[in-house]
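Here's a quick tour of a chain and how its side chains pack. Have the sequence and the model open while you read.

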Amino acid sequence: MKNASTDSSSAIKVGEFYELETHSDVSNSAHYNEDIAPTQVKERTWNVWNVAALWVGMAICVPTYTLGGVLTAYFGLSVMEALMAILVANIIVLIPLTLNAFPGTKFGIPFPVLLRSPFGMIGSNIPCLIRAMVACGWFGIQTMFGGLAIHIMLSNLLPGWESLGGTGEVIGFFTFLVINLYIVIKGAESIKILETMAAPLLLAVGIGLMMWASPKSSYEALLAIPPSRPEGASFWGYFFAGVTAMVGFWATLSLNIPDFSRYVRSQKDQIAGQIIGLPLTMFFFAALGVVLTAASTTLVGETISDPVSLIGKIDSPFWVVIAMIMIIIATLSTNTAANIVSPTNDFQNIAPKKINQTRGALLTGLIGVLLMSWELLKKLGLIESDVSVEAMYSGWLLGYSSLLGPIAGIMIVDYFVIKRQQLNLPDLYKTHGIYSGFNINGFIAFAIPVALTLYSLMTDQLSWFYQYGWFTGSILGGITYWFCARNQTVTAADLATQSD
């Protein structure tokens with residue numbers, strides 16, 4: 001049967017997996033480097049508990065702690081309604097997470113390489129960069145929290161450190177940044193070790209904090225607090241808006257989950273690991289945030305929703321240092337997996353021969369610093385600004401789901417409906433393979449929901465389209481892509497270079 005491309009490269013099927021032949025000349029392509037190459041079967045060592053630990057490590061972080069407060073303050077929900085919205089949202093987000101993880105596990109490919117199918121070899125860079133910039137924003141925010149924890153820890157260990165004030169926080173920021181980047185540069189195995197070690201430790205600390213704070217919290221008074229929405233307003237409208245925002249919290253990972261599933265040893269492991277690790281962890285840690293915030297008045301005499309600041313006010317240097325170490329580990333495990341791996345791979349996709357994993361990670365760090373530069377300069381006393389990290393977190397970063405939703409819908413429809421779970425693995429790395437430079441179908445399907453979102457924002461019409469942005473974007477993006485690409489079926493000739 002005639003090959004679909006001009007060279008003799010092929011993929012070998014090993015059990016349920018595919019991998020490139022070791023002598024494949026795809027390595028000469030401009031779209032290939034060793035770091036985004038398909039993982040070999042021997043490299044797929046993550047089991048169900050490694051996947052679960054990955055999610056526990058990512059879910060337990062400062063932003064998760066504050067989610068309950070965000071939903072009650074900005075979305076008009078009561079405490080119990082907010083926690084239910086978080087649980088429902090994380091059950092829903094399991095659907096795109098597990099579906100988009102499938103091709104990563106089967107073919108061993110990272111997120112940017114998978115995007116070459118629906119968006120094209122060159123076109124894939126556009127959705128990749130959208131995802132990367134969001135991750136860099138989150139990276140800066142999480143690094144700020146980690147840096148603050150380092151500053152508080154050193155203030156309790158080193159006499160005189162506390163007098164550094166904002167300068168000490170900036171030093172902590174860059175210290176945390178270097179540690180984070182080092183772990184990613186060391187590779188997937190170091191990430192697996194970090195997440196596997198951190199998960200049980202973080203769960204134990206969370207349970208301990210819940211037991212410690214519970215006697216100091218009045219659950220009756222907490223649950224009796226009325227919602228802040230207008231009296232008589234429909235519960236469902238506010239609830240689903242909150243659910244949409246919480247789905248948006250992991251909308252990023254629902255795209256680049258192949259960056260991790262490519263190392264998993266079976267589809268069952270990636271599915272079970274995500275189900276075990278995500279929804280209940282998010283629910284538990286968000287509930288912990290609500291309880292500790294409620295208990296903060298009794299503990300320190302004022303209401304504090306930031307766990308780093310709350311623990312920093314406890315009058316016991318020993319326990320403050322221990323708590324800060326736990327927060328540093330929690331933030332490291334989240335930031336490493338959720339906010340550095342994806343942009344590192346995404347930046348490599350631009351020019352794989354010039355940007356490897358190390359350079360991609362360093363570029364991620366540089367952009368993260370630039371996005372947080374205003375906050376760093378403010379801490380150094382060089383500028384004045386009313387914009388806070390919390391405002392950034394609760395503002396535009398919770399609205400990006402309207403951009404990421406269409407990409408998720410397009411990815412799922414392309415792989416499961418159009419390509420029927422078949423990809424030509426060698427051609428995903430070739431300049432002149434079966435995948436075009438720009439797949440116009442992907443960009444039409446992406447542009448329509450984004451245009452409607454912008455129209456909604458500028459005119460205040462179709463407000464529901466933006467309010468439920470992830471759902472409307474993913475559904476419309478997927479349907480539009482199917483309509484545009486429905487005649488592009490996978491044929492035997494397309495897959496001729498893949499031999500069992």
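For accessibility, buried means under 20% relative accessible area, exposed means over 50%, and partly exposed is in between (1.4 Å probe, protein chains only). This is a predicted model, where local features need pLDDT of at least 70, side-chain atom pairs count only at pLDDT 80 or more, and totals for chains, interfaces and linings use all residues. Residues are numbered from 1 along each chain as its sequence is written, and side-chain values use heavy atoms, with hydrogens and water left out.

**Rings**

Let's start with the aromatics. Rings of Phe, Tyr and Trp (its six-membered ring) pair if their centres lie within 6.5 Å; planes under 30 degrees apart count as stacked, over 60 as edge-to-face and the rest as tilted. By that rule the structure holds 21 aromatic pairs. Take Phe102 and Phe416: their ring centres are 5.8 Å apart and the planes sit at 70°, so this pair is edge-to-face. Phe102 belongs to helix H4 (residues 94–107) and Phe416 to helix H21 (residues 401–418), so the pair ties together parts that are 314 residues apart in sequence. Helices here (H or I, at least four residues) are DSSP runs, numbered from the N terminus. Phe416 counts as partly exposed, at 23% relative accessibility.

Phe438 and Phe443 make a tilted pair, 6.1 Å centre to centre with 45° between the planes. How does burial look for these two? Phe438 is exposed at 52% relative accessibility, while Phe443 is buried at 17%. Elsewhere, Trp55, Trp138, Phe249 and Trp250 form one aromatic cluster.

Some rings also have a charge over them, meaning that NZ of Lys or CZ of Arg is within 6 Å of the ring centre and within 35 degrees of the ring normal. Here are two such cases:

| Charged residue | Ring | Distance to ring centre |
|---|---|---|
| Arg44 | Phe17 | 4.4 Å |
| Arg486 | Phe483 | 4.3 Å |

**Cysteines**

How many disulfides does a search of the whole structure find? It finds 0, a disulfide being a pair of cysteine sulfur atoms within 2.5 Å. Cys136, for one, is in no disulfide, and the nearest cysteine sulfur, that of Cys128, is 12 Å away. Cys136 is buried, at 0% relative accessibility, whereas Cys484 is partly exposed at 29%.

**Cores**

A nonpolar core is a set of buried Ala, Val, Leu, Ile, Met, Phe, Trp, Tyr and Cys residues joined through side-chain atoms within 4.5 Å. The largest one has 138 residues, of which Trp55, Ile109, Trp250, Met324 and Leu425 touch the most other members. Helix H7 (residues 125–157) gives the most to this core, with 14 residues. Another core lies apart from it, with 5 residues, among them Ala132, Cys136, Phe347 and Ile367.

For contacts, the cut-off is heavy atoms within 4.5 Å. Leaving out residues up to four places away in sequence, Trp55 touches Leu97, Trp250, Leu253, Ile257, Gln274, Gly277 and Leu278. Thr364, in helix H18 (residues 357–371), is buried with a relative accessible area of 0%. With residues up to four places away again set aside, Thr364 touches Cys136, Phe139, Asn339, Ile340, Pro343, Thr344 and Phe347.

Now for helix H14 (residues 267–277), where Gln267, Asp269, Gln270, Gly273, Gln274 and Gly277 are buried. Looking down the axis of H14, these buried residues fall within an arc of 165°, so they line one face of the helix. The arc is that of the directions from the helix axis to the C-beta atoms. What covers the buried residues of H14 includes helix H1 (48–59), H4 and helix H15 (279–300).

Lys379 is partly exposed at 23% relative accessibility, and Leu377 is partly exposed at 34%. Not counting residues up to four places away in sequence, Lys379 touches Met144, Gly166, Thr167, Glu169 and Val170. Leu377, with its neighbours within four places left aside, is in contact with Leu382 and Ile383. Leu377 and Tyr74 are 303 residues apart in sequence and, C-alpha to C-alpha, 28 Å apart in space.

Note on methods
Helices (H or I, at least four residues) and strands (E, at least two) are DSSP runs, numbered from the N terminus.
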